[in-house]
Each structure stands twice: as C-alpha cells, then as structure tokens.
Amino acid sequence: MNWLEYENEATKQGFEVICGIDEAGRGPLAGPVYAAAVILPKGHIIDGVDDSKKISEKKREILFDKIVNECVCYGVGTATEREIDEINILQATFLAMQRAFNSLAVKPDIALIDGNKKPGLPVEEWDIVKGDAKSANIAAASIIAKVSRDRYMLEMAERYPQYQFEKHKGYGTKLHYEMIEKYGISPIHRKTFLKKILNNE
C-alpha cells in the first residue's frame, strides 16, 4: 500500500507544504468534536501509523508522541458541544478543522482532508474518502485528533464520574444511555443528539 500516493501527486503538481486533516468525535453524545492538522516531513512515513480506529488505545498513545516528535508541526482544533448544537455537527466539524489548520506554525499550500467534503480552507483542498487509511499525513492527523479527544474525555470523567466517560468516551453505548437515564444530561452533552430523551422528560 502506498501511504504517499496523494502526497506524491500533490508534490508533482507543484505543492510544497502538505498537511493532512482528520476529525475525531463526530458521533458521540457528549463532548466537543476534535480535529487535527499534521505536516510530516516530505516523503516521511512514521512506522506503525494507520487509521486511528484500527489501532489500540495504548499504541495510539505511543504513536501520538512519535508524530509530535517527528512532524514539522501539528495543530489541534475543537468545536464545543454548544457549537455543535447551534450549527450542526457537520459545520462544527468544519470549524474544528479550520481551527486546527489555523493553529499550524507552518502554513501549508495544500490540505488533504479525510472524507468527502471540504471544510473551506484558504488553500487547495483535496477531500479523500477513507483518507486516514490512504495518506500518511491524514493517518497521523487521525491519531492526534483521537488521542487529544480521548484525553479530554478522561478529564471529563473525573469531573462527571457518574457518567463513566472513561469507559465510552461519550459514545452512545448501552452503559452511557443507562447513565443518562439515571442522572439526566450533563453540561457537556450534545442536546441535539439527545432530542428523544429530552422530549420525554
């Protein structure tokens, strides 16, 4: 498998600085949506990096540090649960991606984006379906986004221990729904994702 197929094509077309962008946390019932932008050195593949969903939590933590140490730079952006409720999850995801991109210390001239939609960045954008399994830069971004969000949800688990966020990270598991039934919703729950429950109260 060629992890640099899109990077090489971008280089061939004259783009100099390439970043990969991916998100984590579109589906959960609680917490922000996260996005990360990563610029790897040209032609660089970090051993073990893959789509974050295919890697264990322990391995993601190790790879997070490797990416941070070996990348040119990276940025993380978020959109809060309130922003998700106000503008919808797709627009909030774009907002998180824009914030991640804007926080990069080095400005890219092309962004490779996981998915089939462009977030509207001020550079050339290539949207790549399942990009986190095809592009070295996007795969690295997927790990940074996922680990950053998981770490935040572990902090929230300490603040709101009754929801057991450390076990489900805010995703809609059976346990999570049971905790919502028992304790109601917390300040970090996404109200638009819980309309049925809220309507029944």
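Beyond its neighbours within four places in sequence, Lys169 is in contact (heavy atoms within 4.5 Å) with Pro28, Glu57, Arg149, Asp150, Met153 and Leu154. Lys169 sits in the loop between α6 (165–168) and α7 (174–183). Helices (H or I, at least four residues) and strands (E, at least two) are DSSP runs, numbered from the N terminus. Lys169 counts as buried because its relative accessibility is 9%; buried means under 20% relative accessible area, exposed over 50%, and partly exposed in between (1.4 Å probe, protein chains only).

The model is predicted: local features need pLDDT of at least 70, side-chain atom pairs count only at pLDDT 80 or more, and totals for chains, interfaces and linings use all residues. Residues are numbered from 1 along each chain as its sequence is written, and side-chain values use heavy atoms, with hydrogens and water left out.

A nonpolar core is a set of buried Ala, Val, Leu, Ile, Met, Phe, Trp, Tyr and Cys residues joined through side-chain atoms within 4.5 Å. The largest such core has 21 residues. Val38, Leu40, Val49, Ile67 and Ile143 have the most contacts inside it. At least two residues of this core come from each of β2 (33–39), α2 (57–70) and α5 (136–159). The most come from α5, with eight residues. A second, separate core has 19 residues, including Ile39, Cys73, Phe101 and Leu121.

Asn88 lies in the loop between α3 (81–87) and α4 (89–102). Its relative accessible area is 40%, so Asn88 is partly exposed. Gln164 is in the loop between α5 and α6. Gln164 counts as buried because its relative accessibility is 19%.
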